[in-house]
Amino acid sequence: MSDNFPRVGSALLVRNEANQILLGKRNKDPQRGSWVIPGGKIHASESIAEAAARELREETGLIVEVGEHFNVYEIVNPPNEHRIVIYSWGKVVGGEARPSGDISELNFFELDELGEVPVTPLVRRVLADAGFVLDRERAPKPEIVQPSSNPDSSRGHCALS
């Protein structure tokens, strides 16, 4: 593995007033075309909240208030991928929704729609853990959080750059 591993990122679970969840359609490989939870890499000297707010603004045009941390997930796919993603809650406080760069489309999904939306395995797991996807059978477990993770399990991504 490279000396640049693991990559650490921050992503936001954003709900609107109608309790819909914001997802963006990934516009780059890997997992191009899958719906993801907006987020990205934490830069040096940047807090988790600052990174999440910056990435959301860059990818969606929305200004958010970052709330409490939700959970931390680890993605390990040797030899080229090792990511740690910290998910927090977010609330839109301004801006205008517009996709850019890593995200080709944005949508606030109804909770009952989420089970049918094509998402990455990690996003499915995060949504299930948050209680947004009730059918746990549809939530395959990618290699996350436990040290005894299975390196042969399917890949999952947030929109880390």
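Modeller: The protein contains 2 helices and 7 strands; helices (H or I, at least four residues) and strands (E, at least two) are DSSP runs numbered from the N terminus. Along the sequence, these elements follow the pattern β-β-β-β-α-β-β-β-α. The structure is a predicted model, in which local features need pLDDT of at least 70 and side-chain atom pairs count only at pLDDT 80 or more, while totals for chains, interfaces and linings use all residues. Residues are numbered from 1 along each chain as its sequence is written, and side-chain values use heavy atoms, with hydrogens and water left out.

The pLDDT, the predictor's confidence in each residue on a scale from 0 to 100, has a mean of 85 for the protein, and 81% of the residues reach 70 or more. Over residues 143–157 the pLDDT is below 50, although this stretch has 44 contacts in the model beyond near neighbours in sequence. A contact means heavy atoms within 4.5 Å. Among contacts in the protein between residues at least 6 apart in sequence, 67% join residues at least 24 apart. Of the 161 residues, 45% count as buried, where buried means under 20% relative accessible area, exposed over 50%, and partly exposed in between (1.4 Å probe, protein chains only).

The requested part is the loop between β2 (21–26) and β3 (35–36), in which Pro30 lies. The peptide bond from Asp29 to Pro30 is cis, with omega near -5°. Gln31 is placed in the loop between β2 and β3 as well, and its phi is near 70°, a positive value in a residue other than glycine. Most residues other than glycine have a negative phi, and most peptide bonds are trans. Gln31 has a relative accessible area of 26%, so it is classed as partly exposed.

Ser34 also belongs to the loop between β2 and β3. With a relative accessibility of 12%, Ser34 counts as buried. Leaving aside residues up to four places away in sequence, Ser34 touches Gly24, Lys25, Arg26, Pro118, Val119 and Thr120.

Ser45 lies in the loop between β4 (39–41) and α1 (48–60), and at 81% relative accessibility Ser45 counts as exposed. A cis peptide bond also joins Pro78 and Pro79, with omega about 5°. Pro79 is found in the loop between β5 and β6 (81–95).

For a view of a strand, one may turn to Val66, which lies in β5 (residues 62–77). Val66 has a relative accessible area of 23% and is therefore partly exposed. Not counting residues up to four places away in sequence, Val66 touches Leu12, Ala49, Ala52, Ala53, Ser88 and Trp89. The C-alpha atoms of Val66 and Val93, which are 27 residues apart along the chain, are separated by 10.0 Å.
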